[in-house]
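Keep the structure open beside you as you read.

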Amino acid sequence: MDRVARLASQKAVVIFSKSSCCMCHAIKRLFYEQGVSPAIYELDEDPRGKEMEWALVRLGCSNPSVPAVFVGGNLVGSANTVMTLHLNGSLKKLLKDAGALWL
């Protein structure tokens with residue numbers, strides 16, 4: 001869990017993902033289209049990926065645990081939460097407050 005927390009706080013936006021997950025791909029693309037360059041950790045390509053996945057579940061990520069999005073070191077949630085924030089307009093403010101966007 002310490003590793004996940006440390007990685008999540010190293011950049012304004014951090015996404016824990018799996019390379020074969022279509023929702024992960026959609027969320028990464030959403031951030032890129034917003035002009036954000038997130039740190040991405042592909043759990044299926046990391047030797048300690050399973051351990052990190054369990055840590056994400058303990059932090060409150062739903063099942064499946066990816067994509068797990070952190071903004072400003074805080075867990076925002078999964079794809080559903082991120083899309084809800086995007087559609088209601090609050091994602092942009094969250095990104096600005098975290099220093100991920102300058103506009």
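Two strands pair if DSSP finds at least two bridges between them. With that in mind, look at Phe70, which stands opposite Leu75 in β4. What you are viewing is a predicted model.

**The sheet**

In which order do the four strands of the open sheet lie? The order is β2-β1-β3-β4, and the pairing is mixed. β2 (39–42) and β4 are at the edges with a single partner strand each, so one side of each has no neighbour in the sheet. On average, neighbouring strands of this sheet are turned by 25 degrees against each other, direction ignored.

Now look at two of the pairings. β1 and β3 run antiparallel and are joined by four bridges; here Phe16 has Ala68 in β3 as its bridge partner. β3 also pairs with β4 (residues 74–77), again in the antiparallel sense, over three bridges. These two strands form a hairpin with two residues between them, where Gly72 takes a positive phi near 65 degrees.

In a regular strand, the side chains alternate between the two faces of the sheet. You can follow this along β3: Ala68 and Phe70 point one way, while Val69 and Val71 point the other way, and all are buried.

Another helix, α4, lies across β3 and β4. The table gathers the angles.

| Pair | Angle |
|---|---|
| α4 and β4 | about 85 degrees |
| α4 and α5 | about 100 degrees |

The axes of α4 and α5 are 5 Å apart where these helices pack, at an angle of about 100 degrees. That makes α4 roughly perpendicular to α5. Val82, Leu85 and His86 of α4 make the contact with Ser90, Leu91 and Leu94 of α5. By type, the residues of this contact of α4 with α5 are four nonpolar, two polar and no charged.

**Inside the fold**

In soluble globular proteins, nonpolar side chains tend to be buried together. How many residues does the largest nonpolar core have? It has 17, and those with the most contacts inside it are Val13, Phe31, Val69, Val82 and Leu95. The elements giving two or more residues to this core are β1 (13–17), α2 (22–33), β3 (68–71), α4 (79–87) and α5 (90–98). Apart from it lies another core of 16 residues, including Ala8, Leu43, Leu56 and Val66.

Leaving aside its neighbours within four places in sequence, Val82 is in contact with Ile27, Leu30, Phe31, Val69, Val76, Gly77 and Leu91.

Key. Residues are numbered from 1 along each chain as its sequence is written. This is a predicted model: local features need pLDDT of at least 70, side-chain atom pairs count only at pLDDT 80 or more; totals for chains, interfaces and linings use all residues. Side-chain values use heavy atoms; hydrogens and water are left out. A nonpolar core is a set of buried Ala, Val, Leu, Ile, Met, Phe, Trp, Tyr and Cys residues joined through side-chain atoms within 4.5 Å. Buried means under 20% relative accessible area, exposed over 50%, partly exposed in between (1.4 Å probe, protein chains only). Contact means heavy atoms within 4.5 Å. Axes are lines fitted to C-alpha atoms, for helices over the stretch in contact, and angles run from 0 to 180 degrees between N-to-C directions. Angles under 35 degrees count as roughly parallel, over 145 as roughly antiparallel, 65 to 115 as roughly perpendicular and the rest as oblique. Ala, Val, Leu, Ile, Met, Phe, Trp, Tyr, Cys and Pro count as nonpolar, Asp, Glu, Lys and Arg as charged, and the others, Gly among them, as polar.
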